[in-house]
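Dear colleague,

Here is the structure I said I would pass on. My notes on its charged side chains follow below it.

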Amino acid sequence: MELKRGISFRKIFTIIYIVSFLAYAAFSFVPADGTAYTIDGGLIIPSIGLTSGVTKLELHDHKLDTPDSIVGSYSQNTNKTFLIGHSSTIFKNLYQVKIGETITYNNTDYTITSMEIFKKSDIDMKDVLKAEEKDTLVIMTCAGEVMNETDATHRLIVTAVKD
């Protein structure tokens, strides 16, 4: 008796299911906390093992709501993208990056040019969000002493410029 090798209906169904799931996952993400996010891009920082989807954020009462487990992006001016995330989750190792490292945002490489910690009250968001001549990323997360579950006394700000 000879066995013929081929693809069974079950294998075809499984492949279609996996491809459909991956296509869906590329456009939406629902983490364990149940919040649904639309993925509009990606951020990769190899030195700290970070690979994350990025969701666009909108201002609500002059505030941005930071996503719990992925990166949020906001842009209001030319050549400036502001990225935020929690230091307890997605950016827990951000403090380990070094000036000169390459990071990738939406398939474009950027070089880290500065890394600074500021007292929260000393940050002028108009300055952080202002337009730039070159395509620039500003990544911000909490730093310093924890004040409550979602805030701290300082902010770590990493700036990267398109290569």
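Is Asp127 buried, partly exposed or exposed? Asp127 is partly exposed, with a relative accessible area of 42% (buried means under 20% relative accessible area, exposed over 50%, partly exposed in between, with a 1.4 Å probe and protein chains only).

Before the rest, a note on the source: this is a predicted model, in which local features need pLDDT of at least 70 and side-chain atom pairs count only at pLDDT 80 or more, while totals for chains, interfaces and linings use all residues. Residues are numbered from 1 along each chain as its sequence is written, and side-chain values use heavy atoms, with hydrogens and water left out.

The whole structure holds four salt bridges (a side-chain nitrogen of Lys or Arg within 4 Å of a carboxyl oxygen of Asp or Glu).

One of them joins Asp127 to Lys130, with the closest N and O atoms 3.2 Å apart. Lys130 is partly exposed too, at 39%.

Another pairs Lys80 with Glu132, at 3.2 Å from N to O. This pair links distant parts of the chain, 52 residues apart: Lys80 is in strand β4 (residues 80-84), and Glu132 is in the loop between α2 (125-129) and β7 (136-148). Helices (H or I, at least four residues) and strands (E, at least two) are DSSP runs, numbered from the N terminus. Lys80 is buried at 4% relative accessibility, whereas Glu132 is partly exposed at 28%.

Asp151 and Lys120 also form a salt bridge, with 2.5 Å between the closest N and O atoms. Lys120, Asp151 and Arg155 are linked in a network of salt bridges.

Regards
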